[in-house]
Amino acid sequence: DHDGTIQHLFLECPLAKLLWRTIRIAFNINPPVDIASLFGTWLAGVEQITAARIRIGICAVLWAIWNCRNDMIFNRQHTLTFLQVIFRATAWIRTWSLLTPMDSREPLVTGCNQWKMVARVIFNRFG
């Protein structure tokens, strides 16, 4: 049963696939092939500072997916859109950016804006 696996939740369910598609369009980053590569070789070859910022964003994405899943299961919310997940993730990124060195904050906030813009375009076209 794949429905309960971490791989399914974060990479393979339709919502996760759509989230990764928006990330690919916004930042030209291919999604990881599996959970092991997500926390391993996925960002090999990406400049270290950039990879660190990407990881902050991806942790926020995973946290937002997890929280939204819990809302659906425990709080009976059935109408979660990928935009809601993205808005949650970007809110976390903005909050966490305050804990990063000053020179990382602006790229993180800019990245949030870029991702939301791409997501809105996709939502308006297909949602």
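Select W92 and W96 to begin: the two residues lie four apart in helix α5, so about one helical turn separates them. Helices here are DSSP runs of H or I with at least four residues, numbered from the N terminus. The model is a predicted one, in which local features need pLDDT of at least 70, side-chain atom pairs count only at pLDDT 80 or more, and totals for chains, interfaces and linings use all residues. Residues are numbered from 1 along each chain as its sequence is written, and side-chain values use heavy atoms, with hydrogens and water left out.

With W92 it forms an edge-to-face aromatic pair, 6.3 Å centre to centre and with 70° between the planes. Rings of Phe, Tyr and Trp (its six-membered ring) pair if their centres lie within 6.5 Å; planes under 30 degrees apart are stacked, over 60 edge-to-face, and the rest tilted. Because W63 belongs to helix α4 (residues 48–74) and W92 to helix α5, this pair ties together parts 29 residues apart in sequence. The rings of W92 and W96 are tilted, with centres 5.7 Å apart and planes at 40°.

Colour by accessibility now. W63 is partly exposed at 37% relative accessible area, as is W96 at 25%; buried means under 20%, exposed over 50%, and partly exposed in between (1.4 Å probe, protein chains only).

Finally, move to N28, in the loop between α2 (14–27) and α3 (35–38). N28 has a positive phi of about 55° although it is not a glycine, and at 70% relative accessibility N28 counts as exposed.
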